Amino acid sequence: MRARVTQKLAFGITWAAGIITVLVLVYIIGYVIATGWRAITPDFLFRPPSEGGISTAIVGTIYIVVLTIAIATPLGIGAAIYLTEYATENWITRLVRYGIETLAGVPSIVFGLFGFALFALSLLGTRCLLAGALTLACLVLPTMIRASEEAIKAVPVSIREASLALGATRWQTIRHAVMPAALPGVMTAIILSIGRTVEETACLYVAMGINPLNMPISPLSGGTTLSLHLYYLAMEVPFTIEPMFMEKAMGTGVVLILIIIIINSLTHWISSRYAARMIR
Amino acid sequence: MSRYLVDKAGRRLVFLAALVAILILLLIALFTFKEGLPAFLKIGFVKFIFGTKWSVAGGEFGILPFILASIYVTLGALLLSVPLGVSCAIFLAEVAPHRAREIVRPTVELLVGIPSVVYGLVGMLVVVPRMGDSLLAAIIVLTVMVLPTIISISEDSLRAVPHGYKEGALALGATHWQAIWHVMLPQARSGIATAVILGMGRAIGETMAMIMVIGNSIIIPTSPLSPARTLTGTLAMELGYASPGSLHWSALFATGVVLFILILALNSIAFIQRREGEG
(Lines give C-alpha, C1' and ligand atoms only; values in the text may rest on other atoms or scores of the structure.)
Protein backbone atom coordinates (compact mmCIF):
# COMPACT_ATOMS: atom_id res chain seq x y z
CA MET A 1 0.00 0.00 0.00
CA ARG A 2 2.81 2.39 0.93
CA ALA A 3 4.54 1.67 -2.34
CA ARG A 4 1.44 2.85 -4.21
CA VAL A 5 1.33 6.10 -2.21
CA THR A 6 5.03 6.70 -2.86
CA GLN A 7 4.46 6.12 -6.55
CA LYS A 8 1.58 8.60 -6.65
CA LEU A 9 3.72 11.19 -4.91
CA ALA A 10 6.77 10.59 -7.11
CA PHE A 11 4.77 10.69 -10.32
CA GLY A 12 3.18 13.89 -9.09
CA ILE A 13 6.65 15.41 -8.70
CA THR A 14 7.68 14.40 -12.22
CA TRP A 15 4.42 15.87 -13.57
CA ALA A 16 5.23 19.09 -11.73
CA ALA A 17 8.72 19.14 -13.27
CA GLY A 18 7.27 18.74 -16.76
CA ILE A 19 4.69 21.46 -16.15
CA ILE A 20 7.27 23.86 -14.69
CA THR A 21 9.49 23.40 -17.75
CA VAL A 22 6.63 24.24 -20.09
CA LEU A 23 5.53 27.20 -17.97
CA VAL A 24 9.06 28.65 -17.95
CA LEU A 25 9.19 28.56 -21.74
CA VAL A 26 5.69 29.98 -22.12
CA TYR A 27 6.54 32.73 -19.65
CA ILE A 28 9.78 33.72 -21.40
CA ILE A 29 8.29 33.70 -24.89
CA GLY A 30 5.08 35.35 -23.68
CA TYR A 31 7.01 38.05 -21.85
CA VAL A 32 9.21 38.89 -24.83
CA ILE A 33 6.30 38.95 -27.25
CA ALA A 34 4.01 40.90 -24.90
CA THR A 35 6.60 43.63 -24.30
CA GLY A 36 8.16 43.63 -27.77
CA TRP A 37 5.44 43.17 -30.37
CA ARG A 38 4.50 46.84 -30.39
CA ALA A 39 8.01 47.70 -31.62
CA ILE A 40 7.58 45.60 -34.73
CA THR A 41 6.56 47.84 -37.60
CA PRO A 42 7.75 48.04 -41.21
CA ASP A 43 9.95 50.98 -40.20
CA PHE A 44 11.52 48.90 -37.43
CA LEU A 45 12.38 46.09 -39.81
CA PHE A 46 13.52 48.06 -42.84
CA ARG A 47 15.18 51.20 -41.45
CA PRO A 48 18.73 51.49 -40.09
CA PRO A 49 19.32 52.06 -36.34
CA SER A 50 19.91 55.77 -36.91
CA GLU A 51 16.22 55.95 -37.87
CA GLY A 52 15.07 53.60 -35.10
CA GLY A 53 15.15 50.31 -37.00
CA ILE A 54 17.20 47.12 -37.16
CA SER A 55 17.77 46.73 -40.91
CA THR A 56 21.58 46.62 -40.53
CA ALA A 57 21.25 43.79 -38.03
CA ILE A 58 18.94 41.82 -40.31
CA VAL A 59 21.27 42.21 -43.30
CA GLY A 60 24.27 41.41 -41.08
CA THR A 61 22.60 38.26 -39.78
CA ILE A 62 21.84 37.06 -43.31
CA TYR A 63 25.41 37.86 -44.32
CA ILE A 64 26.90 35.96 -41.38
CA VAL A 65 24.57 32.97 -41.84
CA VAL A 66 25.34 32.63 -45.57
CA LEU A 67 29.11 32.93 -45.09
CA THR A 68 29.21 30.60 -42.09
CA ILE A 69 27.09 27.91 -43.71
CA ALA A 70 29.04 28.15 -46.96
CA ILE A 71 32.27 27.49 -45.07
CA ALA A 72 31.00 24.88 -42.62
CA THR A 73 28.79 22.76 -44.89
CA PRO A 74 31.43 21.15 -47.16
CA LEU A 75 33.72 20.49 -44.19
CA GLY A 76 30.92 19.13 -42.01
CA ILE A 77 29.39 16.88 -44.64
CA GLY A 78 32.82 15.67 -45.76
CA ALA A 79 33.77 14.73 -42.22
CA ALA A 80 30.40 13.01 -41.73
CA ILE A 81 30.91 10.99 -44.94
CA TYR A 82 34.34 9.91 -43.76
CA LEU A 83 33.07 8.89 -40.34
CA THR A 84 30.11 6.88 -41.63
CA GLU A 85 31.43 5.43 -44.89
CA TYR A 86 35.16 5.00 -44.50
CA ALA A 87 36.28 5.16 -40.88
CA THR A 88 37.37 1.93 -39.25
CA GLU A 89 37.69 1.63 -35.51
CA ASN A 90 41.26 2.82 -34.97
CA TRP A 91 43.12 5.52 -33.10
CA ILE A 92 42.60 8.18 -35.78
CA THR A 93 38.85 7.68 -35.76
CA ARG A 94 38.81 7.81 -31.97
CA LEU A 95 40.89 10.98 -32.05
CA VAL A 96 38.55 12.57 -34.60
CA ARG A 97 35.52 11.67 -32.48
CA TYR A 98 37.18 13.02 -29.36
CA GLY A 99 38.05 16.21 -31.28
CA ILE A 100 34.46 16.71 -32.41
CA GLU A 101 32.96 16.11 -28.97
CA THR A 102 35.48 18.38 -27.29
CA LEU A 103 35.01 21.10 -29.86
CA ALA A 104 31.27 20.92 -29.22
CA GLY A 105 31.92 21.71 -25.56
CA VAL A 106 34.39 24.57 -25.99
CA PRO A 107 32.67 27.78 -24.84
CA SER A 108 31.67 30.28 -27.48
CA ILE A 109 33.85 32.96 -25.88
CA VAL A 110 36.98 30.81 -26.28
CA PHE A 111 36.19 30.45 -29.98
CA GLY A 112 35.92 34.24 -30.00
CA LEU A 113 39.35 34.62 -28.41
CA PHE A 114 40.86 32.29 -30.98
CA GLY A 115 39.01 33.90 -33.90
CA PHE A 116 40.06 37.36 -32.78
CA ALA A 117 43.73 36.37 -32.58
CA LEU A 118 43.88 34.20 -35.71
CA PHE A 119 41.28 35.44 -38.19
CA ALA A 120 40.76 39.07 -37.20
CA LEU A 121 44.32 40.06 -36.28
CA SER A 122 46.70 37.66 -38.04
CA LEU A 123 44.85 36.83 -41.27
CA LEU A 124 42.48 39.67 -42.12
CA GLY A 125 43.95 42.50 -40.08
CA THR A 126 40.54 43.75 -38.95
CA ARG A 127 37.48 42.68 -36.97
CA CYS A 128 34.91 42.11 -39.70
CA LEU A 129 32.02 39.96 -40.91
CA LEU A 130 34.36 37.42 -42.51
CA ALA A 131 36.39 37.03 -39.31
CA GLY A 132 33.11 36.48 -37.45
CA ALA A 133 31.86 33.96 -40.01
CA LEU A 134 35.11 31.97 -40.01
CA THR A 135 35.00 31.80 -36.21
CA LEU A 136 31.35 30.75 -36.26
CA ALA A 137 32.07 28.11 -38.90
CA CYS A 138 34.53 26.48 -36.47
CA LEU A 139 31.89 26.70 -33.75
CA VAL A 140 29.03 25.09 -35.72
CA LEU A 141 31.21 22.40 -37.28
CA PRO A 142 30.50 19.79 -34.57
CA THR A 143 26.73 20.40 -34.86
CA MET A 144 26.95 20.04 -38.62
CA ILE A 145 29.06 16.85 -38.47
CA ARG A 146 26.91 15.09 -35.87
CA ALA A 147 23.60 15.86 -37.55
CA SER A 148 24.88 14.92 -41.04
CA GLU A 149 26.31 11.73 -39.63
CA GLU A 150 22.89 10.79 -38.23
CA ALA A 151 21.36 11.47 -41.64
CA ILE A 152 23.89 9.38 -43.55
CA LYS A 153 23.74 6.55 -41.02
CA ALA A 154 19.98 6.37 -41.47
CA VAL A 155 20.35 5.39 -45.15
CA PRO A 156 19.71 1.62 -45.38
CA VAL A 157 22.74 -0.57 -46.09
CA SER A 158 20.82 -2.26 -48.93
CA ILE A 159 21.02 0.94 -50.98
CA ARG A 160 24.82 0.88 -50.74
CA GLU A 161 24.99 -2.84 -51.49
CA ALA A 162 22.77 -2.49 -54.55
CA SER A 163 24.95 0.29 -55.94
CA LEU A 164 28.21 -1.55 -55.25
CA ALA A 165 26.78 -4.73 -56.79
CA LEU A 166 26.13 -2.81 -60.02
CA GLY A 167 29.85 -2.12 -60.23
CA ALA A 168 29.88 1.44 -58.89
CA THR A 169 32.93 2.57 -56.97
CA ARG A 170 32.68 3.52 -53.31
CA TRP A 171 32.67 7.20 -54.24
CA GLN A 172 30.03 6.79 -56.98
CA THR A 173 27.90 4.95 -54.45
CA ILE A 174 28.23 7.79 -51.96
CA ARG A 175 27.55 10.51 -54.51
CA HIS A 176 24.72 8.95 -56.46
CA ALA A 177 23.06 6.56 -54.03
CA VAL A 178 23.78 7.46 -50.40
CA MET A 179 23.81 11.26 -50.45
CA PRO A 180 20.54 11.73 -52.39
CA ALA A 181 18.84 9.45 -49.88
CA ALA A 182 20.41 11.36 -46.98
CA LEU A 183 19.54 14.76 -48.42
CA PRO A 184 16.55 15.59 -46.16
CA GLY A 185 18.61 14.72 -43.10
CA VAL A 186 21.51 16.82 -44.34
CA MET A 187 19.07 19.70 -44.85
CA THR A 188 18.10 19.31 -41.21
CA ALA A 189 21.77 19.49 -40.27
CA ILE A 190 22.16 22.73 -42.20
CA ILE A 191 19.03 24.25 -40.69
CA LEU A 192 20.19 23.32 -37.17
CA SER A 193 23.51 25.01 -37.90
CA ILE A 194 21.70 28.11 -39.14
CA GLY A 195 19.88 28.17 -35.80
CA ARG A 196 23.13 28.06 -33.88
CA THR A 197 24.59 30.78 -36.08
CA VAL A 198 21.62 33.06 -35.42
CA GLU A 199 21.65 32.60 -31.65
CA GLU A 200 25.42 32.84 -31.14
CA THR A 201 26.61 36.07 -29.56
CA ALA A 202 29.70 35.83 -27.37
CA CYS A 203 32.15 34.64 -30.02
CA LEU A 204 30.96 37.28 -32.50
CA TYR A 205 31.10 39.99 -29.85
CA VAL A 206 34.82 39.31 -29.54
CA ALA A 207 35.86 38.23 -33.04
CA MET A 208 33.71 40.65 -35.02
CA GLY A 209 32.76 43.40 -32.62
CA ILE A 210 29.52 45.38 -32.87
CA ASN A 211 29.18 48.00 -35.53
CA PRO A 212 25.46 48.77 -35.34
CA LEU A 213 25.24 51.70 -37.70
CA ASN A 214 27.19 50.21 -40.55
CA MET A 215 25.24 48.61 -43.41
CA PRO A 216 27.52 45.72 -44.35
CA ILE A 217 28.67 45.71 -47.96
CA SER A 218 31.92 43.79 -48.23
CA PRO A 219 32.72 40.77 -46.05
CA LEU A 220 35.66 42.77 -44.77
CA SER A 221 33.44 45.50 -43.34
CA GLY A 222 32.19 45.60 -39.79
CA GLY A 223 28.58 44.86 -38.95
CA THR A 224 26.16 43.47 -36.43
CA THR A 225 23.67 40.62 -36.06
CA LEU A 226 20.29 40.51 -34.36
CA SER A 227 21.71 38.88 -31.22
CA LEU A 228 24.59 41.36 -31.04
CA HIS A 229 22.22 44.23 -31.68
CA LEU A 230 19.93 43.12 -28.86
CA TYR A 231 22.91 43.08 -26.52
CA TYR A 232 23.97 46.50 -27.76
CA LEU A 233 20.52 47.98 -27.20
CA ALA A 234 20.18 46.43 -23.76
CA MET A 235 23.66 46.98 -22.36
CA GLU A 236 25.68 49.60 -24.14
CA VAL A 237 23.09 52.35 -23.96
CA PRO A 238 21.87 53.13 -20.43
CA PHE A 239 18.05 53.01 -20.40
CA THR A 240 17.86 56.00 -18.21
CA ILE A 241 18.97 57.99 -21.26
CA GLU A 242 17.00 56.08 -23.88
CA PRO A 243 14.05 54.17 -22.40
CA MET A 244 12.87 53.51 -25.96
CA PHE A 245 15.84 51.21 -26.45
CA MET A 246 14.35 48.60 -24.14
CA GLU A 247 11.29 48.24 -26.33
CA LYS A 248 13.53 48.02 -29.38
CA ALA A 249 15.65 45.35 -27.65
CA MET A 250 12.47 43.40 -26.93
CA GLY A 251 11.34 43.86 -30.53
CA THR A 252 14.65 42.39 -31.67
CA GLY A 253 14.04 39.54 -29.21
CA VAL A 254 10.65 38.88 -30.83
CA VAL A 255 12.27 38.66 -34.28
CA LEU A 256 14.91 36.25 -32.92
CA ILE A 257 12.34 34.04 -31.22
CA LEU A 258 10.22 33.93 -34.39
CA ILE A 259 13.30 32.84 -36.39
CA ILE A 260 14.06 30.10 -33.86
CA ILE A 261 10.44 28.87 -33.88
CA ILE A 262 10.45 28.75 -37.69
CA ILE A 263 13.76 26.84 -37.70
CA ASN A 264 12.50 24.31 -35.15
CA SER A 265 9.26 23.76 -37.04
CA LEU A 266 11.16 23.30 -40.30
CA THR A 267 13.36 20.57 -38.86
CA HIS A 268 10.30 18.84 -37.40
CA TRP A 269 8.48 19.06 -40.69
CA ILE A 270 11.40 17.67 -42.67
CA SER A 271 12.08 14.83 -40.28
CA SER A 272 8.41 13.79 -40.08
CA ARG A 273 8.09 13.79 -43.89
CA TYR A 274 11.34 11.94 -44.20
CA ALA A 275 10.35 9.33 -41.64
CA ALA A 276 7.08 8.79 -43.51
CA ARG A 277 8.95 8.23 -46.77
CA MET A 278 11.36 5.77 -45.23
CA ILE A 279 8.47 3.62 -43.99
CA ARG A 280 6.87 3.54 -47.42
CA MET B 1 40.00 4.20 -65.28
CA SER B 2 39.37 7.75 -64.13
CA ARG B 3 36.48 6.83 -61.85
CA TYR B 4 38.94 4.91 -59.71
CA LEU B 5 41.06 8.03 -59.46
CA VAL B 6 37.98 10.02 -58.44
CA ASP B 7 37.22 7.30 -55.90
CA LYS B 8 40.67 7.68 -54.38
CA ALA B 9 40.59 11.47 -54.45
CA GLY B 10 37.14 11.49 -52.83
CA ARG B 11 38.30 9.29 -50.03
CA ARG B 12 41.31 11.52 -49.35
CA LEU B 13 39.16 14.62 -49.47
CA VAL B 14 36.63 13.49 -46.86
CA PHE B 15 39.45 12.21 -44.67
CA LEU B 16 40.98 15.68 -44.71
CA ALA B 17 37.58 17.19 -43.84
CA ALA B 18 37.41 14.86 -40.86
CA LEU B 19 40.80 16.05 -39.67
CA VAL B 20 39.69 19.70 -39.68
CA ALA B 21 37.90 19.34 -36.35
CA ILE B 22 41.12 18.22 -34.66
CA LEU B 23 43.06 20.91 -36.47
CA ILE B 24 40.73 23.60 -35.14
CA LEU B 25 41.00 22.20 -31.61
CA LEU B 26 44.80 22.25 -31.86
CA LEU B 27 44.80 25.79 -33.27
CA ILE B 28 42.56 27.02 -30.46
CA ALA B 29 44.87 25.48 -27.89
CA LEU B 30 47.95 26.79 -29.66
CA PHE B 31 46.71 30.36 -30.03
CA THR B 32 45.32 30.80 -26.54
CA PHE B 33 48.43 29.24 -24.97
CA LYS B 34 50.80 31.24 -27.12
CA GLU B 35 49.14 34.54 -26.29
CA GLY B 36 48.56 33.63 -22.65
CA LEU B 37 52.05 32.34 -21.87
CA PRO B 38 53.68 35.74 -21.23
CA ALA B 39 51.13 36.47 -18.50
CA PHE B 40 51.82 33.14 -16.79
CA LEU B 41 55.56 33.80 -16.97
CA LYS B 42 55.46 37.42 -15.86
CA ILE B 43 52.81 37.17 -13.16
CA GLY B 44 53.51 33.60 -12.09
CA PHE B 45 50.98 30.81 -12.33
CA VAL B 46 50.02 30.71 -8.65
CA LYS B 47 49.78 34.47 -8.32
CA PHE B 48 47.63 34.62 -11.42
CA ILE B 49 45.18 31.93 -10.30
CA PHE B 50 45.01 32.92 -6.62
CA GLY B 51 45.53 36.65 -6.96
CA THR B 52 42.52 38.57 -5.68
CA LYS B 53 43.17 41.84 -7.48
CA TRP B 54 42.45 42.57 -11.12
CA SER B 55 43.29 46.09 -12.11
CA VAL B 56 44.11 47.06 -15.67
CA ALA B 57 45.40 50.49 -14.67
CA GLY B 58 47.50 49.09 -11.82
CA GLY B 59 48.86 46.27 -13.98
CA GLU B 60 47.68 43.66 -11.46
CA PHE B 61 46.05 40.53 -12.77
CA GLY B 62 44.68 37.85 -10.43
CA ILE B 63 41.60 35.89 -11.40
CA LEU B 64 40.46 34.31 -8.14
CA PRO B 65 37.33 36.51 -7.91
CA PHE B 66 36.26 35.40 -11.40
CA ILE B 67 37.04 31.74 -10.73
CA LEU B 68 34.96 31.81 -7.54
CA ALA B 69 32.08 33.59 -9.27
CA SER B 70 32.09 31.06 -12.11
CA ILE B 71 32.15 28.16 -9.65
CA TYR B 72 29.38 29.58 -7.44
CA VAL B 73 27.14 30.36 -10.38
CA THR B 74 27.70 26.94 -11.95
CA LEU B 75 27.13 24.96 -8.77
CA GLY B 76 24.10 27.06 -7.87
CA ALA B 77 22.53 26.51 -11.28
CA LEU B 78 23.20 22.75 -11.17
CA LEU B 79 21.74 22.51 -7.65
CA LEU B 80 18.45 23.81 -9.04
CA SER B 81 18.45 22.35 -12.53
CA VAL B 82 19.59 18.77 -11.86
CA PRO B 83 16.63 17.74 -9.65
CA LEU B 84 14.21 19.57 -11.92
CA GLY B 85 15.81 18.27 -15.11
CA VAL B 86 16.10 14.65 -14.02
CA SER B 87 12.49 14.67 -12.79
CA CYS B 88 11.42 16.07 -16.12
CA ALA B 89 13.48 13.41 -17.92
CA ILE B 90 11.76 10.65 -15.89
CA PHE B 91 8.45 12.28 -16.75
CA LEU B 92 9.27 12.24 -20.47
CA ALA B 93 10.74 8.75 -20.57
CA GLU B 94 8.34 6.89 -18.28
CA VAL B 95 5.43 8.81 -16.85
CA ALA B 96 4.04 11.20 -19.43
CA PRO B 97 1.09 10.17 -21.57
CA HIS B 98 1.70 10.57 -25.29
CA ARG B 99 0.02 13.95 -25.59
CA ALA B 100 1.91 15.53 -22.68
CA ARG B 101 5.16 14.33 -24.17
CA GLU B 102 4.25 15.94 -27.47
CA ILE B 103 4.01 19.26 -25.64
CA VAL B 104 7.05 19.01 -23.37
CA ARG B 105 9.56 17.72 -25.90
CA PRO B 106 9.26 20.62 -28.39
CA THR B 107 9.38 22.94 -25.39
CA VAL B 108 12.76 21.58 -24.41
CA GLU B 109 14.01 21.96 -27.98
CA LEU B 110 12.85 25.57 -28.11
CA LEU B 111 14.56 26.32 -24.79
CA VAL B 112 17.84 25.18 -26.36
CA GLY B 113 17.30 27.43 -29.34
CA ILE B 114 16.50 30.69 -27.58
CA PRO B 115 19.59 32.94 -27.86
CA SER B 116 21.43 33.60 -24.63
CA VAL B 117 20.97 37.36 -25.02
CA VAL B 118 17.19 36.85 -24.88
CA TYR B 119 17.58 34.96 -21.59
CA GLY B 120 19.80 37.78 -20.40
CA LEU B 121 17.28 40.43 -21.39
CA VAL B 122 14.37 38.67 -19.68
CA GLY B 123 16.63 38.20 -16.66
CA MET B 124 17.42 41.92 -16.62
CA LEU B 125 13.77 42.89 -16.67
CA VAL B 126 12.18 40.14 -14.58
CA VAL B 127 14.78 38.77 -12.17
CA VAL B 128 17.15 41.68 -11.55
CA PRO B 129 14.50 44.17 -10.36
CA ARG B 130 13.61 41.72 -7.55
CA MET B 131 17.13 41.04 -6.23
CA GLY B 132 19.56 43.35 -8.01
CA ASP B 133 22.49 42.40 -10.23
CA SER B 134 23.80 39.43 -8.31
CA LEU B 135 25.03 35.86 -8.21
CA LEU B 136 21.50 34.72 -7.40
CA ALA B 137 20.05 36.44 -10.46
CA ALA B 138 22.74 34.79 -12.59
CA ILE B 139 21.99 31.41 -11.00
CA ILE B 140 18.29 31.69 -11.78
CA VAL B 141 18.91 32.63 -15.42
CA LEU B 142 21.53 29.92 -15.81
CA THR B 143 19.27 27.26 -14.29
CA VAL B 144 16.82 27.74 -17.14
CA MET B 145 19.64 27.72 -19.68
CA VAL B 146 21.20 24.39 -18.64
CA LEU B 147 17.84 22.71 -18.03
CA PRO B 148 17.40 21.46 -21.63
CA THR B 149 20.88 19.88 -21.67
CA ILE B 150 20.16 17.99 -18.45
CA ILE B 151 16.68 16.92 -19.56
CA SER B 152 17.55 15.65 -23.02
CA ILE B 153 20.69 13.70 -22.13
CA SER B 154 19.10 12.18 -19.00
CA GLU B 155 16.04 11.18 -21.00
CA ASP B 156 18.22 9.49 -23.63
CA SER B 157 20.08 7.53 -20.99
CA LEU B 158 16.82 6.42 -19.31
CA ARG B 159 15.52 5.24 -22.68
CA ALA B 160 18.74 3.33 -23.30
CA VAL B 161 18.10 1.07 -20.29
CA PRO B 162 17.16 -2.36 -21.74
CA HIS B 163 13.42 -3.12 -21.52
CA GLY B 164 14.09 -6.43 -19.85
CA TYR B 165 15.38 -4.71 -16.69
CA LYS B 166 12.18 -2.80 -16.12
CA GLU B 167 9.98 -5.76 -17.07
CA GLY B 168 11.96 -8.01 -14.75
CA ALA B 169 11.40 -5.62 -11.87
CA LEU B 170 7.68 -5.34 -12.65
CA ALA B 171 7.38 -9.12 -12.92
CA LEU B 172 8.87 -9.44 -9.45
CA GLY B 173 6.02 -7.32 -8.14
CA ALA B 174 7.70 -3.92 -8.01
CA THR B 175 5.54 -0.88 -8.68
CA HIS B 176 6.35 1.19 -11.74
CA TRP B 177 8.05 3.79 -9.53
CA GLN B 178 10.08 1.16 -7.68
CA ALA B 179 11.27 -0.11 -11.06
CA ILE B 180 12.27 3.42 -12.05
CA TRP B 181 13.93 4.27 -8.75
CA HIS B 182 15.68 1.01 -7.92
CA VAL B 183 16.41 -0.40 -11.37
CA MET B 184 16.31 2.17 -14.16
CA LEU B 185 17.92 5.18 -12.45
CA PRO B 186 20.95 3.21 -11.21
CA GLN B 187 21.33 1.77 -14.73
CA ALA B 188 21.16 5.25 -16.27
CA ARG B 189 23.59 6.64 -13.71
CA SER B 190 26.53 7.16 -16.05
CA GLY B 191 24.31 8.86 -18.63
CA ILE B 192 22.89 11.20 -16.01
CA ALA B 193 26.41 11.96 -14.81
CA THR B 194 27.30 12.86 -18.41
CA ALA B 195 24.27 15.17 -18.50
CA VAL B 196 25.44 16.93 -15.33
CA ILE B 197 29.00 17.31 -16.62
CA LEU B 198 27.89 18.70 -19.97
CA GLY B 199 25.45 21.01 -18.18
CA MET B 200 28.37 22.17 -16.06
CA GLY B 201 30.35 22.89 -19.22
CA ARG B 202 27.50 24.96 -20.62
CA ALA B 203 27.17 26.87 -17.38
CA ILE B 204 30.87 27.72 -17.09
CA GLY B 205 31.00 28.80 -20.72
CA GLU B 206 27.89 30.99 -20.71
CA THR B 207 28.86 34.59 -21.30
CA MET B 208 26.41 37.21 -22.53
CA ALA B 209 23.47 36.34 -20.29
CA MET B 210 25.82 36.37 -17.29
CA ILE B 211 27.18 39.82 -18.09
CA MET B 212 23.63 41.11 -18.33
CA VAL B 213 22.49 40.05 -14.84
CA ILE B 214 25.53 39.55 -12.60
CA GLY B 215 26.70 43.14 -12.09
CA ASN B 216 30.30 42.60 -13.23
CA SER B 217 32.02 44.03 -10.14
CA ILE B 218 35.51 42.74 -9.53
CA ILE B 219 35.05 41.56 -5.94
CA ILE B 220 35.15 38.22 -4.19
CA PRO B 221 31.44 37.45 -3.77
CA THR B 222 30.46 37.01 -0.14
CA SER B 223 26.73 36.38 -0.40
CA PRO B 224 24.31 35.16 -3.05
CA LEU B 225 23.07 38.73 -3.36
CA SER B 226 26.45 40.27 -4.03
CA PRO B 227 27.41 41.21 -7.57
CA ALA B 228 30.30 39.39 -9.21
CA ARG B 229 32.01 38.78 -12.51
CA THR B 230 32.67 35.47 -14.24
CA LEU B 231 35.73 34.32 -16.18
CA THR B 232 33.82 34.50 -19.44
CA GLY B 233 32.39 37.93 -18.67
CA THR B 234 35.87 39.36 -18.12
CA LEU B 235 37.00 38.10 -21.52
CA ALA B 236 34.01 39.49 -23.38
CA MET B 237 34.08 42.88 -21.71
CA GLU B 238 37.80 43.58 -21.84
CA LEU B 239 39.12 41.99 -25.00
CA GLY B 240 37.78 44.74 -27.20
CA TYR B 241 39.99 47.39 -25.63
CA ALA B 242 43.11 45.46 -24.63
CA SER B 243 45.98 46.32 -26.93
CA PRO B 244 47.46 43.20 -28.55
CA GLY B 245 50.77 42.20 -26.99
CA SER B 246 50.25 44.03 -23.70
CA LEU B 247 50.24 42.27 -20.34
CA HIS B 248 46.50 42.93 -20.08
CA TRP B 249 45.94 41.19 -23.43
CA SER B 250 48.08 38.26 -22.38
CA ALA B 251 46.30 38.01 -19.02
CA LEU B 252 42.98 37.76 -20.85
CA PHE B 253 44.26 34.93 -23.03
CA ALA B 254 45.66 33.25 -19.92
CA THR B 255 42.13 33.47 -18.49
CA GLY B 256 41.00 31.79 -21.70
CA VAL B 257 43.57 29.05 -21.11
CA VAL B 258 42.16 28.39 -17.63
CA LEU B 259 38.66 28.21 -19.10
CA PHE B 260 39.83 25.94 -21.92
CA ILE B 261 41.58 23.51 -19.58
CA LEU B 262 38.55 23.42 -17.30
CA ILE B 263 36.29 22.53 -20.23
CA LEU B 264 38.80 20.04 -21.65
CA ALA B 265 38.90 18.23 -18.32
CA LEU B 266 35.11 18.17 -18.02
CA ASN B 267 34.65 16.95 -21.58
CA SER B 268 37.26 14.25 -21.24
CA ILE B 269 35.45 12.95 -18.17
CA ALA B 270 32.17 13.02 -20.10
CA PHE B 271 33.76 11.31 -23.10
CA ILE B 272 35.19 8.48 -20.98
CA GLN B 273 31.94 8.17 -19.01
CA ARG B 274 29.97 7.77 -22.20
CA ARG B 275 32.42 5.22 -23.64
CA GLU B 276 32.11 3.17 -20.47
CA GLY B 277 28.35 3.49 -20.53
CA GLU B 278 28.32 2.10 -24.05
CA GLY B 279 30.77 -0.70 -23.32
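The questions and answers below go through a predicted model, in which local features need pLDDT of at least 70, side-chain atom pairs count only at pLDDT 80 or more, and totals for chains, interfaces and linings use all residues. Residues are numbered from 1 along each chain as its sequence is written, while chains are lettered from A and ligands numbered from 1 in the order in which they are written.

Me: How many helices does the secondary structure of chain A come to?
Reply: Helices (H or I, at least four residues) and strands (E, at least two) are taken as DSSP runs, numbered from the N terminus. On that basis chain A has 0 strands, and its count of helices comes to 11.

Me: Is A:Thr56 buried or exposed?
Reply: A residue is buried if 20 or more other C-beta atoms, placed from the backbone, lie within 10 Å of its own, exposed if 12 or fewer, and partly exposed in between. A:Thr56, which is found in helix 3 (residues 55-86) of chain A, has 22 C-beta neighbours inside 10 Å. A:Thr56 therefore counts as buried.

Me: Which residues of helix 4 of chain B are buried?
Reply: Helix 4 of chain B covers residues 98-113, and its 16 residues at 1.5 Å a residue should span 22 Å, which agrees with the 23 Å between its end C-alpha atoms. The expected span is 1.5 Å times one less than the number of residues. The buried residues of this helix are B:Val104, B:Val108, B:Leu111 and B:Gly113.

Me: How many residues does helix 1 of chain B give to the side of chain B that touches chain A?
Reply: Two residues are in contact if their C-beta atoms, placed from the backbone, lie within 7 Å, and in this sense 74 residues of chain B are in contact with 74 residues of chain A. The largest share of the side of chain B that touches chain A comes from helix 1 (residues 2-43) of chain B, with a contribution of 21 residues.
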